[in-house]
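Keep the 3D view open as you read.

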Amino acid sequence: MGLVVKEPEGGNYEPIPEGVHIGVCIGVYDLGEHYSQAYNNNAKKLLVQWELPDVCDTENNKPRLISRRYTSSLHEKSQLRKDLQAWRGKAFTPKELAGFDVSNLLGKACQMQITHHIEGAKTYSRITALMSLSKGMQPPRATYPTIVFDLDQVDSFDKLRTLPEWIQKSIKESITYKSMISSNASGLPDFNSLPDDDDLPF
C-alpha cells in the first residue's frame with residue numbers, strides 16, 4: 001500500500017517515538033501515476049506531510065516531519081478516505097465525494113498514532129491511524145512553510161527542484177512525469193538532466 005514512512009536514504013535520524021502525537025499538515029504532493037505490481041494497475045499517488053510540534057529534531061532544532069503516501073482516491077475502501085474521515089471526525093457528503101480539494105488540509109492539525117516498523121537492522125516510523133483533535137484542544141500552527149505540488153499545473157514545475165530529493169525522485173519515476181517529458185507538450189525542461197539542488201530540511 002506504500003504506507004510505510006521512511007527517512008530519506010542516508011538519513012541517520014532516530015525513529016519518532018511511538019504513541020499519539022499532534023501533526024500539522026505542511027505539504028500535499030501530487031506524485032503522479034505509478035504502476036503497482038501487487039494490483040497490476042496504474043494509480044495516481046498522493047503524499048501528505050506533517051510536522052510534529054512535540055518532537056524536536058536536535059540537529060536543526062525544528063519539529064520532526066513525517067509523511068504518508070496514499071492512492072489518490074475517495075473510494076469507500078481507500079485508506080485516504082478512511083484517514084480523512086477520522087481526521088475530520090465526520091463522513092464525507094455526496095458533494096465532497098464528487099471532488100474534495102486536498103490542499104484544504106494545509107495548516108490543519110490532527111492527532112496521529114505512530115508505531116515502529118522493523119526492517120532488517122533499521123526501525124522506521126509508521127503512521128497507523130489519524131484522529132481529530134480532542135475537544136478543547138488548541139490546534140498548533142505550522143512553523144514550516146506550507147506547499148502544494150500539483151503536476152497538472154505547469155507553473156508547479158518551477159517548484160520541482162526545490163522539493164526534497166526523495167520526493168523529486170518519486171515524482172520523476174511516475175508515468176505522468178515521464179509522459180510529460182517525453183511529449184514535451186508543455187515545453188517543460190527535463191529536470192532529470194539538471195543538477196540537483198541541496199536538499200531542503202523537509
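**Starting from Gln 49**

Gln 49 is found in strand β2. Strands here are DSSP runs of E with at least two residues, helices are runs of H or I with at least four residues, and both are numbered from the N terminus. This is a predicted model, in which local features need pLDDT of at least 70 and side-chain atom pairs count only at pLDDT 80 or more, while totals for chains, interfaces and linings use all residues. Residues are numbered from 1 along each chain as its sequence is written, and side-chain values use heavy atoms, with hydrogens and water left out.

Is Gln 49 buried or exposed? With a relative accessible area of 2%, Gln 49 is buried (buried is under 20% relative accessible area, exposed over 50%, partly exposed in between, with a 1.4 Å probe and protein chains only). Its side chain makes a polar contact with the side chain of Tyr 29, at 3.3 Å. A polar contact is a pair of N or O atoms within 3.5 Å; within protein, one must be able to donate a hydrogen and the other to accept it, and residues adjacent in sequence count only if both atoms are side-chain atoms.

Now zoom out for a moment. The chain has 5 helices and 6 strands, and along the sequence they follow the pattern β-β-β-α-α-β-β-β-α-α-α. Of the 202 residues in the chain, 38% are buried.

β1 pairs with β2 in the antiparallel sense over 11 bridges, where two strands count as paired if DSSP finds at least two bridges between them. Look for Asp 30 opposite Leu 46 in β2. The hairpin of β1 and β2 has 4 residues between the strands, and Asn 40 takes a positive phi near 55° there. β1 also runs antiparallel to β4 (residues 109-119), joined by 6 bridges, with Gly 19 standing opposite Ile 114. With β6 the direction is parallel, over 3 bridges, and here Val 28 stands opposite Val 148.

What about the core? The largest nonpolar core has 23 residues, and those with the most contacts inside it are Cys 25, Trp 50, Ile 66, Trp 87, Met 112 and Leu 130. Such a core is a set of buried Ala, Val, Leu, Ile, Met, Phe, Trp, Tyr and Cys residues joined through side-chain atoms within 4.5 Å. Two or more residues come from each of β1, β2, β3 (62-71), α1 (79-88), β4 and β5; β2 gives the most, with 5 residues.

β5 (residues 122-131) also holds Arg 126, which counts as partly exposed because its relative accessibility is 24%. The side chain of Arg 126 makes a polar contact with that of His 117, at 2.9 Å. Arg 126 and Ile 16 are 110 residues apart along the chain, yet their C-alpha atoms are separated by 8.9 Å.

Finally, find the lining of the second largest pocket. β1 (19-36), β2 (41-57) and β6 (147-149) each supply at least two of its residues. The lining divides into 8 nonpolar, 3 polar and 5 charged residues, where Ala, Val, Leu, Ile, Met, Phe, Trp, Tyr, Cys and Pro count as nonpolar, Asp, Glu, Lys and Arg as charged, and the others, Gly among them, as polar.
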